[in-house]
Amino acid sequence: MKYLSVVAFLLFSIVTGYSKGNAEIFNRANILYMQQDFKGAAELYNELLDKGYNNANINYNLANAYCNMGMFGSSRLHYEKALKFKPFNKNIRYSYKYLMSEKLKMNDEAEVCIMNNSLVYSLPHTIVFIFVVGSIIFLIVLSLLYIKKNRKKIFIISGSLVLFFHLVFLGIYIMQDVNYRSDYGYCVKDTNLYLTPDESTILTKIYDGYKLKITNEVKAFYNVVFTDGTTGWVNKKDVKTDNYK
């Protein structure tokens, strides 16, 4: 698995059209990765993310590097980010399922995530937005033509079809937007879940790779919710969040 990222995204600079300097950073990261300097490679991939280059290529390569370093929570975060950009990419799916099933023993969660991303991100966010806006404009133009020429039958049929597809794409867009803006954190080490935003009362143990929905924060703690509805507080230093939305 450690050579997947280099082979899969070798033409990074050509495909993305990034500046020469940033393409060189990516290429240096790939070389370090091939030399099994995963820490050095991860630092360079993170440098590109810090510069605003947030895409499937970088997130996938970074996830692979973290996986090889045994940093499974960070790896999961970036695999899931990569899936949002390319939900049907076979390399990303395979590597993500390997992490979830072999390392984290969370195969069911992996299947749910892949299915959700395939449904919600089957179309790029921008294309869905353009279609929604375009269909609204088309309905307005159709209404004006109906008023001018009084063709009721054509207006009803065409308007109904456009309205149907508009609602479908609008629903997809809303799901994408809600999912994209939701704040999630990933445990980057085995830690504790607390009853209150301090370390006085331990509720349970939580482990590297757990995904948490963040609902609030107080000083050094996040208030989090698990998929089963369990709530509590976790120390911020034990959680990595997505800072590149």
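**Overall look**

I began with burial: 40% of the 245 residues of the protein chain count as buried. I kept in mind that this is a predicted model. For secondary structure, I listed 10 helices and 7 strands in the protein chain. I then turned to contacts between residues at least 6 apart in sequence, and found that 57% of them join residues at least 24 apart.

**Helix α4**

I checked the length of α4, which covers residues 38–50. At 1.5 Å a residue, its 13 residues should span 18 Å, and the end C-alpha atoms are 18 Å apart, so the two agree. Which residues of α4 are buried? I noted Phe38, Gly40, Ala41, Ala42, Leu44, Tyr45, Asn46, Leu48 and Leu49. Just after α4, I came across glycine 52, which takes a positive phi of about 100°.

**Nonpolar cores**

Next I looked up the largest nonpolar core, which has 17 residues. The residues with the most contacts inside this core are Tyr79, Leu83, Ile92, Tyr96, Leu99, Met100 and Leu104. At least two residues of this core come from each of α5 (56–68), α6 (72–85), α7 (90–103) and α8 (107–120). Apart from it I found another core, of 15 residues, including Leu44, Tyr45, Ile58 and Tyr66. A reminder to myself: in soluble globular proteins, nonpolar side chains tend to be buried together.

I also followed methionine 100. Leaving aside neighbours within four places in sequence, methionine 100 is in contact with Arg76, Lys105, Met106, Asn107, Glu109 and Ala110.

**α6 against α7**

How do the axes of α6 and α7 cross, and at what angle? They come within 10 Å and cross at roughly 150°. Angles over 145 degrees count as roughly antiparallel, so I wrote α6 and α7 down as roughly antiparallel to each other. The crossing of α6 past α7 is left-handed. On the α6 side, I listed Phe72, Ser75, Arg76, Tyr79, Glu80, Ala82 and Leu83 as making the contact. Their counterparts on α7 are Ile92, Arg93, Ser95, Tyr96, Leu99, Met100 and Lys103.

**Isoleucine 214**

My last stop was isoleucine 214, in strand β4 (residues 211–218). Is isoleucine 214 buried or exposed? Its relative accessible area is 15%, so I put it down as buried. Beyond its neighbours within four places in sequence, isoleucine 214 is in contact with Asp183, Tyr184, Gly185, Tyr222, Asn223, Val224 and Thr241. I also looked up phenylalanine 226, 12 residues from isoleucine 214 in sequence, and the two are 9.2 Å apart in space, C-alpha to C-alpha.

Terms used:
Residues are numbered from 1 along each chain as its sequence is written. This is a predicted model: local features need pLDDT of at least 70, side-chain atom pairs count only at pLDDT 80 or more; totals for chains, interfaces and linings use all residues. Side-chain values use heavy atoms; hydrogens and water are left out. Helices (H or I, at least four residues) and strands (E, at least two) are DSSP runs, numbered from the N terminus. The expected span of a helix is 1.5 Å times one less than its number of residues. Buried means under 20% relative accessible area, exposed over 50%, partly exposed in between (1.4 Å probe, protein chains only). A nonpolar core is a set of buried Ala, Val, Leu, Ile, Met, Phe, Trp, Tyr and Cys residues joined through side-chain atoms within 4.5 Å. Contact means heavy atoms within 4.5 Å. Axes are lines fitted to C-alpha atoms, for helices over the stretch in contact, and angles run from 0 to 180 degrees between N-to-C directions. Angles under 35 degrees count as roughly parallel, over 145 as roughly antiparallel, 65 to 115 as roughly perpendicular and the rest as oblique. A crossing is left-handed if the near helix is turned anticlockwise from the far one by less than a right angle, and right-handed if clockwise.
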